Amino acid sequence: MNREELNDKALQEIFKRISASPLPEKLNRQIIQKVQKARKRRELRNIAIVVLTSIAMLISACYVLIYYLDFNPVEIFSPVLKKPANITLFPGFTLLLCVMLPSTLLLWIDYRFRKHFKNLL
């Protein structure tokens with residue numbers, strides 16, 4: 001027998017005799033807390049990336065519309081955003097609808113995407 005084989009067998013005997021000692025509860029709790037913090041950081045980072053990407057896409061779309069396609073929002077939306085004379089209930093109703101409907105639609109789409117891709121992250 002080789003000296004290395006004797007050392008390996010001796011080490012195997014020693015490890016067999018040592019009973020598997022469980023990790024202390026405090027250590028387990030600390031490991032779980034670190035994992036949860038890392039998961040929260042990753043989720044916050046992913047949300048920040050999505051928000052910044054969305055803002056960049058909106059800005060680039062506006063830039064392309066205005067500077068390359070000669071889109072004039074004042075001319076196009078002025079008839080829509082005019083305050084009708086007969087609406088006295090809520091004067092900003094038209095503007096509210098112009099902001100609220102697209103925002104609600106985008107939030108709903110975001111909710112559906114998050115619900116669909118929740119298990120993938």
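Residues are numbered from 1 along each chain as its sequence is written, and side-chain values use heavy atoms, with hydrogens and water left out. Because the model is predicted, local features need pLDDT of at least 70 and side-chain atom pairs count only at pLDDT 80 or more, whereas totals for chains, interfaces and linings use all residues.

The protein has four helices and zero strands, in the order α-α-α-α along the sequence. Helices (H or I, at least four residues) and strands (E, at least two) are DSSP runs, numbered from the N terminus. Of the 121 residues, 1% are buried; buried means under 20% relative accessible area, exposed over 50%, and partly exposed in between, with a 1.4 Å probe and protein chains only. The accessible surface comes to about 11900 Å², and carbon and sulfur atoms account for 66% of that surface. Areas come from the Shrake-Rupley method with a 1.4 Å probe, and for residues only the protein chains shown count as cover.

Helix α2 covers residues 25-68, which is 44 residues. From first C-alpha to last, helix α2 reaches 63 Å, close to the expected 64 Å, where the expected span is 1.5 Å times one less than the number of residues. Just after α2, Asp70 takes a positive phi of about 50 degrees.

Patches take residues with over 30% relative accessible area and no salt bridge, joining like charges within 9 Å and nonpolar side chains (Val, Leu, Ile, Met, Phe, Trp, Tyr) within 5 Å. Lys34, Lys37, Lys40 and Arg41 make a patch of positive charge. Lys and Arg count as positive and Asp and Glu as negative, without His or the chain ends; a charge is placed at NZ of Lys, CZ of Arg, CG of Asp or CD of Glu. Lys34 lies in α2 and is exposed because its relative accessible area is 63%. The nonpolar patch, about 740 Å², consists of Tyr63, Val64, Leu65, Ile66, Tyr67, Tyr68 and Leu69. Val64, also in α2, counts as partly exposed at 38%.

The whole structure holds one salt bridge, defined as a side-chain nitrogen of Lys or Arg within 4 Å of a carboxyl oxygen of Asp or Glu. Asp110 pairs with Arg114, with 3.0 Å between the closest N and O atoms. Both residues lie in helix α4 (residues 93-116), four residues apart, or about one turn of the helix. Asp110 is partly exposed at 30%, and Arg114 is partly exposed at 39%.
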